[in-house]
Amino acid sequence: MTCDDYLSVLATAPLNELGKNHLREHAAGCPYCERVTRVVVEREWELVAAFESVYSNTPAAVTADIARTTARRRLVDRMYSITLAILLAGTAWFAATRLVFRGRADGPAVAPVAEEVFMVRCLSSAQVVALSRHYLGRTGLAIYAGEPPRAVLTVRATPAQIEEVRSMLNRFDGSAQSSCPPAVASPLPR
Amino acid sequence: MVAPSGSGPFELSALVTRSVTGDEAAFVVIVERFKPLVFRWAVALCGDADDAEDITQEVFLRVHRKLATFRGDGPVEGWLYRITRRVLLRTRRKSARKPQTGNPSLDVYTTDPGARIDRQRAVDLIRAIAAELPMRQREVFVLCDLEGRTPSEAALLLGLKDVSVRASLFKARASIRRNMLKSHPHYREHTK
């Protein structure tokens, strides 16, 4: 066995294998390898001794006590956190549902839409549109067709709006105060 | 060199049962039995005695919490080792995020200066391994060469294949011995 062979074994072999015959024989006959082996063995045993001599300064009873109390405290903390999270989630859910339902309750009521046709005797389409816009707003619909005195106004809106349009037409188109020219009374037959 | 694992699994399981049912004395016995082992692992893996104290404390805290889930179908050392390793990695991640402050070698509990020096010297020696070896090689070296376990036992503890443990052990030994011999004049001369 050469020194190189011996050193390559020494590089990775466990200490107890260094006592095997062929290795021991080489080391015994080679002062260099013997010194190197002694260095490795001494330092490695020193390491083992150091590892075995390391000890904790805290008594086991203290460690056990701290472990117990801290474990309990952490358990309480965890339960507290879980409870808090559940409560928060519940509150958030309650608030969200309240907001949603209130939003729905407060939302614009969808009123039924009706349609009615009026005869227009004297108001022009521009006049009717100008007047009805005020009552119908954006939701109602008015369609004017024909020419006075046989014009037709079709209104599609809520009953309340239709009522408003009706009273508007009575006032401006059909009554004595209307802006229409007064009808010429035909002479009564004598 | 292997740490004592109790007088038998029956006694250990009895201790676990007693501890789970609230017997505080049983838990103290468990800590007394396994604390030296866990502390040595912690020192060897992190290379600092104070950090090792904290890691050991955290390990037994987890042991207390998880004792009820310990099935006892494997060696208790394996279970403890996995907890220790997990705690160590977590501690490392945490300490990597915050800047290091203070003197790590300050010893709060020891009043005997001589003992402190001996312990510090031992820790320094072990720290050298921690500094020069990657984690896996360090673990294998500690379990096999410092604790005297066989590679198969170490493989069981680490959850690795036998062959992986042997390979890591060879690399660890080679690295450690190379460093040991670095200062040796004859060896240096020979390897030139």
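The residues that line the second largest pocket divide into nine nonpolar, three polar and five charged, where Ala, Val, Leu, Ile, Met, Phe, Trp, Tyr, Cys and Pro count as nonpolar, Asp, Glu, Lys and Arg as charged, and the others, Gly among them, as polar. This is a predicted model, in which local features need pLDDT of at least 70, side-chain atom pairs count only at pLDDT 80 or more, and totals for chains, interfaces and linings use all residues. Residues are numbered from 1 along each chain as its sequence is written, chains are lettered from A and ligands numbered from 1 in the order in which they are written, and side-chain values use heavy atoms, with hydrogens and water left out.

The second largest pocket has a volume of about 360 Å³, and of the 17 residues in its lining, the closest to its centre are Pro14(A), Asn16(A), Cys144(B), Asp145(B) and Arg173(B). A pocket, on a 1 Å grid over the protein atoms alone, is an open set of points with protein on both sides within 12 Å along at least five of seven lines, whereas a cavity is a set where a 1.4 Å probe fits but cannot get out, and lining residues have an atom within 4 Å of a point. A volume is the space filled by probe spheres set on the points, which are joined across faces, edges and corners. The largest share of this pocket's lining, four residues, comes from α8(B), helices being DSSP runs (H or I, at least four residues) numbered from the N terminus.

Let me turn to the cavity. The structure holds one cavity of 30 Å³ or more, and about 40 Å³ of space lies in the largest cavity. Its lining has nine nonpolar, no polar and no charged residues, including Phe34(B), Val63(B) and Leu80(B), and α4(B) gives the most, with three residues.

Finally, which residues are buried in helix α2 of chain A, residues 21-29? They are Leu23(A), His26(A) and Ala27(A), where buried means under 20% relative accessible area, exposed over 50% and partly exposed in between, with a 1.4 Å probe and protein chains only.

Terms used. Helices (H or I, at least four residues) and strands (E, at least two) are DSSP runs, numbered from the N terminus.
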